[in-house]
Amino acid sequence: MTMESSNNQRSKVSSSAILTLFMVLFLSLVALAYGASILETQPEIAYFVLLFGFLGAAVVLYTLIQMKRRLSRLKIVIPPVTTTIECRKCGFKNVREFQPGDYIFKEVEPCQKCNDKMLITAIYREIKEKEKDRFPF
Amino acid sequence: MNTIGLMLGLQNQVAQNPFGDSSISWILNVLFYAVFVIFIFYGQRLQMVVMLREVEGSLYKLKYIKEEGRKITVQTIKEIGKPQADPAARVDRFLEYFTISPQGLDPAGIVWKLEHILDVRDVRFKDEVKLMAPSANETQTNNLENTLEAAMALNYIYKVVRHYYLLGKKTYSLYVVMQIQMILPMVMKEAEAYASALKAFAYGQPIGDGAGALVAAKLLHGHETRKIAKDCVVATVPFEGRTAYVIKAEGPGGNVGKPGDAIKEVIEENDGKIATVVMIDAALKLEGENLGEVAEGVGAAIGGPGVDQYKIEESLVKYHIPINAVIVKEDVGDAVSPLRKEIFDSVENVIERIKQVVLERTKEGDKVIIAGIGNTIGIGQ
């Protein structure tokens, strides 16, 4: 579950900042293109223009990556919680999504098989662990 | 450092005369020395700006979490409590509540003073929640109280981080900013844990801290319980040929009860003739330890402000009763967020450990106390 829509989060980045970034990116690309075009005729100037073009593009790229990382960090993701319901008499088991009001050892609806009262025996969330870091400890 | 490295590289290139002896190499030389001088005088300030930006990024996130916390709390109160008026103003006031701990210059009797203040706080919180949510039943009131406490914690964390950030900006002191920057990863981890706890509390889902209560619930389920002390229940359960008094906080509402008073009462009821006490609680794990790992030791396994631990230790010393502890390891995030499968699965291991302790440390026919400590939210009996 995501607490807030991504549209709302995007509004936290000012449009003037994005405009500036794209202007710098445009100028960098122009510099790269110009540098490449004069590389044969005026290599001294071309190296400089290419250097500034690369630097500008790198700065814009870095800033955009940072911006994306910050936005993704704003999301709070809570994995779904499941409720396990068991029939103590016939052993029938039902796993469903947690519903408000559920609690462990609560008697719920009758069993589909034997009509005996069923009991909530477990409520938990399961997280798939990322691959463990390769530390030798 | 990176800028200096880049400039050094450029200077080397210039030294190799890639452009000949032009004015460009002269400009690059001057630029290199200018940056060098700037770093000598303003290096620390630049470092501080980088740190401030890092804190600022986290502060944005904290603000977002705090506001979400407030929103969830208000929504939950409206859904469950069905108040006549908008509870937002009252919630805002509640978020600023504080508790002053007793004076410790003369420590004699400080435990009772602390207990009194905590009792007053508890009553005040419950009254406030009842006013905010008049239609809520007892379980829901307890859950709402927990939700509000999580929102309060988020509000406080945000304010403290903001305080250091603004103070650092105002004073231009690297050391003020450094203090908060150094502990920021831990602070963020805690804030994220409280954020996920909010929904758990609002819906009444069991949390990681309830591992002890869950063990007790499994042991006493199906046996008759009676109320003992405040918000606690006890059941007399036959256990491996012994009589076990299984104690837990009364669920399924968010509650930790007063296990100190409960254990003391059971000991007094039996004139101190208790062979051993086994306490089960969730404990913080160290990095590298597995979630849900079970460990065994001695001592009163109970957290909180220390009042209950003091009472338990006093009663045990009075009758020379040995105390054993079984803990379930988890990190701070897992302790306040919805119960994880690993912790749930560890319950059977804990019960096996308790059996082992009881069989090894007591004789058949003895009386033992088994106390499951922790927040019993989402766990009945």
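The model is a predicted one, and chain A as a whole averages a pLDDT of 81, with 79% of its residues scoring at least 70.

**Confidence in chain A**

- Over residues 1-11 of chain A, pLDDT stays under 50.
- For that stretch of chain A the model has 9 contacts beyond four places in sequence.
- Where pLDDT is low, predicted coordinates should not be read in detail.

**Contact between chain A and chain B**

- The contact draws on 23 residues of chain A and 31 residues of chain B.
- On the side of chain B that touches chain A, at least two residues each come from α2 (23-81), α6 (174-203), α7 (211-220) and α11 (341-361) of chain B.
- α2(B) gives the most to this side, with 6 residues.
- By class, the side of chain B that touches chain A comprises 14 nonpolar, 11 polar and 6 charged residues.

**Domains of chain B**

- Chain B is divided into domain 1, covering 54-203, and domain 2, covering 208-372.
- The C-alpha centres of domain 1 and domain 2 of chain B are 28 Å apart.
- Between these domains of chain B, 19 residues of domain 1 are in contact with 12 residues of domain 2.
- On the side of domain 1 of chain B that touches domain 2 of chain B, α4 (110-132), α5 and α6 of chain B each supply at least two residues.
- α6(B) provides the largest share of that side of domain 1, 9 residues.
- The side of domain 1 of chain B that touches domain 2 of chain B has 8 nonpolar, 5 polar and 6 charged residues.

**Packing of α5(B) and α6(B)**

- Helix α5 (residues 138-171) of chain B packs against α6(B) at an angle of about 160°, and their axes are 9 Å apart.
- Angles over 145 degrees count as roughly antiparallel, and α5(B) and α6(B) are therefore roughly antiparallel to each other.
- The crossing of α5(B) and α6(B) is left-handed.
- Residues in the contact of α5(B) with α6(B) divide into 20 nonpolar, 6 polar and 1 charged.

**Packing of α8(B) and α9(B)**

- Helix α8 (residues 259-269) and helix α9 (residues 307-319) of chain B cross at roughly 20°, and their axes come within 7 Å.
- That angle makes α8(B) roughly parallel to α9(B).
- The crossing of α8(B) and α9(B) is left-handed.
- From α8(B), the contact is made by Pro259(B), Gly260(B), Asp261(B), Ile263(B), Lys264(B) and Ile267(B).
- From α9(B), the contact is made by Val307(B), Asp308(B), Lys311(B), Ile312(B), Ser315(B) and Tyr319(B).
- The contact of α8(B) with α9(B) has 6 nonpolar, 2 polar and 4 charged residues.

**Backbone features**

- The peptide bond from Gly251(B) to Pro252(B) is cis, and its omega is near 10°.
- Pro252(B) is placed in the loop between β3 (242-249) and α8 of chain B.
- Phe105(A), a residue other than glycine, has a positive phi, near 75°.
- Phe105(A) lies in the loop between β2 (93-97) and β3 (107-110) of chain A.

Methods:
Residues numbered from 1 in each chain as written. Chains lettered and ligands numbered in written order. Predicted model: local features only at pLDDT ≥ 70, side-chain atom pairs only at ≥ 80, totals over all residues. Contact = placed C-beta atoms within 7 Å. Helix = DSSP H or I, 4+ residues; strand = E, 2+ residues; numbered from the N terminus. Nonpolar A, V, L, I, M, F, W, Y, C, P; charged D, E, K, R; others polar. Axes fitted to C-alpha atoms, helices over the stretch in contact; angles between N-to-C directions. Parallel < 35°, antiparallel > 145°, perpendicular 65-115°, else oblique. Left-handed = near helix turned anticlockwise from the far one by under 90°. Domains from an automatic or database assignment. pLDDT = per-residue confidence, 0-100.
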